[in-house]
Amino acid sequence: MRHPEISHELCRMLCKRSRKLFNNFEAANLIPLPNRIANQLCELANSLGNPCPDGIHFDMRITQEDIGFMVGSSRQPVNKVLKVWQEQGMIKIDYGTVLIKNLGQLSTLAMMLDQRPG
(Lines give C-alpha, C1' and ligand atoms only; values in the text may rest on other atoms or scores of the structure.)
Protein backbone atom coordinates (compact mmCIF):
# COMPACT_ATOMS: atom_id res chain seq x y z
CA MET A 1 0.00 0.00 0.00
CA ARG A 2 2.89 2.35 0.75
CA HIS A 3 4.53 1.62 -2.62
CA PRO A 4 1.87 1.44 -5.32
CA GLU A 5 4.55 1.73 -8.01
CA ILE A 6 5.62 -1.84 -7.19
CA SER A 7 2.19 -3.29 -7.95
CA HIS A 8 2.01 -1.15 -11.11
CA GLU A 9 5.37 -2.51 -12.34
CA LEU A 10 4.37 -6.09 -11.45
CA CYS A 11 1.19 -5.70 -13.51
CA ARG A 12 3.19 -4.32 -16.44
CA MET A 13 5.63 -7.24 -16.23
CA LEU A 14 2.81 -9.80 -16.08
CA CYS A 15 1.03 -8.19 -19.04
CA LYS A 16 4.25 -8.19 -21.05
CA ARG A 17 4.84 -11.87 -20.27
CA SER A 18 1.23 -12.75 -21.07
CA ARG A 19 1.48 -10.96 -24.42
CA LYS A 20 4.71 -12.79 -25.24
CA LEU A 21 3.17 -16.12 -24.25
CA PHE A 22 0.09 -15.45 -26.39
CA ASN A 23 2.27 -14.40 -29.35
CA ASN A 24 4.35 -17.58 -28.99
CA PHE A 25 1.20 -19.72 -28.87
CA GLU A 26 -0.24 -17.91 -31.88
CA ALA A 27 3.02 -18.27 -33.81
CA ALA A 28 3.24 -21.98 -33.04
CA ASN A 29 -0.26 -22.51 -34.39
CA LEU A 30 -0.55 -20.07 -37.28
CA ILE A 31 2.91 -19.26 -38.62
CA PRO A 32 4.81 -21.81 -40.71
CA LEU A 33 7.89 -23.34 -39.14
CA PRO A 34 10.40 -21.87 -41.64
CA ASN A 35 9.20 -18.35 -40.83
CA ARG A 36 9.46 -18.99 -37.09
CA ILE A 37 13.00 -20.37 -37.47
CA ALA A 38 14.02 -17.41 -39.64
CA ASN A 39 12.65 -14.99 -37.06
CA GLN A 40 14.47 -16.73 -34.22
CA LEU A 41 17.78 -16.84 -36.11
CA CYS A 42 17.46 -13.12 -36.92
CA GLU A 43 16.82 -12.33 -33.27
CA LEU A 44 19.84 -14.41 -32.26
CA ALA A 45 21.98 -12.75 -34.94
CA ASN A 46 21.00 -9.30 -33.71
CA SER A 47 21.56 -10.08 -30.04
CA LEU A 48 24.36 -12.67 -29.95
CA GLY A 49 25.79 -12.66 -33.47
CA ASN A 50 29.38 -11.86 -34.27
CA PRO A 51 29.64 -10.42 -37.82
CA CYS A 52 32.62 -11.76 -39.78
CA PRO A 53 33.57 -11.61 -43.47
CA ASP A 54 32.02 -15.03 -44.15
CA GLY A 55 28.79 -14.41 -42.23
CA ILE A 56 27.43 -14.13 -38.70
CA HIS A 57 28.98 -16.48 -36.15
CA PHE A 58 27.81 -17.24 -32.64
CA ASP A 59 30.29 -17.48 -29.78
CA MET A 60 28.05 -19.96 -28.03
CA ARG A 61 26.88 -23.38 -29.12
CA ILE A 62 23.42 -23.35 -30.71
CA THR A 63 22.11 -26.77 -31.63
CA GLN A 64 19.18 -27.67 -33.84
CA GLU A 65 17.47 -29.00 -30.74
CA ASP A 66 17.93 -25.57 -29.11
CA ILE A 67 16.39 -23.87 -32.14
CA GLY A 68 13.51 -26.36 -32.07
CA PHE A 69 12.86 -25.55 -28.43
CA MET A 70 12.88 -21.82 -29.20
CA VAL A 71 10.31 -22.15 -32.00
CA GLY A 72 8.07 -24.82 -30.47
CA SER A 73 9.18 -27.74 -32.60
CA SER A 74 11.54 -30.70 -32.46
CA ARG A 75 14.99 -31.17 -33.95
CA GLN A 76 13.90 -33.26 -36.96
CA PRO A 77 11.64 -30.67 -38.67
CA VAL A 78 14.15 -27.91 -37.84
CA ASN A 79 16.90 -30.01 -39.43
CA LYS A 80 14.90 -30.35 -42.67
CA VAL A 81 14.40 -26.58 -42.93
CA LEU A 82 18.04 -25.81 -42.12
CA LYS A 83 19.28 -28.32 -44.71
CA VAL A 84 17.22 -26.63 -47.43
CA TRP A 85 18.58 -23.26 -46.39
CA GLN A 86 22.12 -24.63 -46.41
CA GLU A 87 21.58 -25.91 -49.98
CA GLN A 88 20.35 -22.42 -50.91
CA GLY A 89 23.45 -20.83 -49.37
CA MET A 90 21.65 -18.86 -46.64
CA ILE A 91 23.33 -20.68 -43.77
CA LYS A 92 26.02 -23.24 -43.04
CA ILE A 93 25.44 -25.89 -40.40
CA ASP A 94 28.14 -27.70 -38.49
CA TYR A 95 27.92 -29.74 -35.31
CA GLY A 96 26.51 -27.39 -32.65
CA THR A 97 26.81 -24.25 -34.76
CA VAL A 98 24.95 -22.30 -37.38
CA LEU A 99 26.69 -19.72 -39.56
CA ILE A 100 24.32 -17.18 -41.08
CA LYS A 101 25.63 -16.41 -44.54
CA ASN A 102 22.70 -14.32 -45.81
CA LEU A 103 20.89 -12.41 -43.09
CA GLY A 104 18.89 -10.51 -45.71
CA GLN A 105 17.13 -13.64 -46.97
CA LEU A 106 16.41 -14.78 -43.41
CA SER A 107 15.05 -11.32 -42.56
CA THR A 108 12.71 -11.51 -45.55
CA LEU A 109 11.33 -14.82 -44.27
CA ALA A 110 11.08 -13.45 -40.73
CA MET A 111 9.16 -10.39 -41.94
CA MET A 112 6.41 -12.69 -43.12
CA LEU A 113 5.52 -13.04 -39.44
CA ASP A 114 3.94 -9.58 -39.70
CA GLN A 115 1.61 -10.77 -42.44
CA ARG A 116 -0.51 -12.96 -40.17
CA PRO A 117 -4.17 -13.42 -40.97
CA GLY A 118 -6.59 -11.13 -39.16
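This short talk describes the salt bridges and one surface patch of the structure shown above.

The structure is a predicted model, in which local features need pLDDT of at least 70 and side-chain atom pairs count only at pLDDT 80 or more, while totals for chains, interfaces and linings use all residues. Residues are numbered from 1 along each chain as its sequence is written, and side-chain values use heavy atoms, with hydrogens and water left out.

I begin with charged pairs. Side chains of opposite charge can pair when their charged atoms come close. A salt bridge here is a side-chain nitrogen of Lys or Arg within 4 Å of a carboxyl oxygen of Asp or Glu. Searching the whole structure gives two salt bridges.

One of them joins Arg-12 to Glu-9, at 3.8 Å from N to O. Arg-12 and Glu-9 are three residues apart in helix 1 (residues 4-30), so about one helical turn separates them. Helices are DSSP runs (H or I, at least four residues), numbered from the N terminus. Glu-9 is partly exposed, at 43% relative accessibility; the term covers values between buried (under 20% relative accessible area) and exposed (over 50%), with a 1.4 Å probe and protein chains only.

The other salt bridge links Asp-94 and Lys-92, at 3.7 Å from N to O. Asp-94 is partly exposed at 45%, and Lys-92 is partly exposed at 39%.

I turn now to Glu-5, which is found in helix 1. Glu-5 is partly exposed, with a relative accessible area of 46%. Its C-alpha atom lies 46 Å from that of Lys-101, 96 residues apart along the chain.

Finally, Ile-6, Leu-10, Met-13 and Leu-14 make a nonpolar surface patch of about 370 Å². Patch residues have over 30% relative accessible area and no salt bridge, with nonpolar side chains (Val, Leu, Ile, Met, Phe, Trp, Tyr) joined within 5 Å and like charges within 9 Å. Ile-6 lies in helix 1.

Definitions and conventions
Helix = DSSP H or I, 4+ residues; strand = E, 2+ residues; numbered from the N terminus. Areas by Shrake-Rupley, 256 points an atom, 1.4 Å probe, with all protein chains shown as cover.
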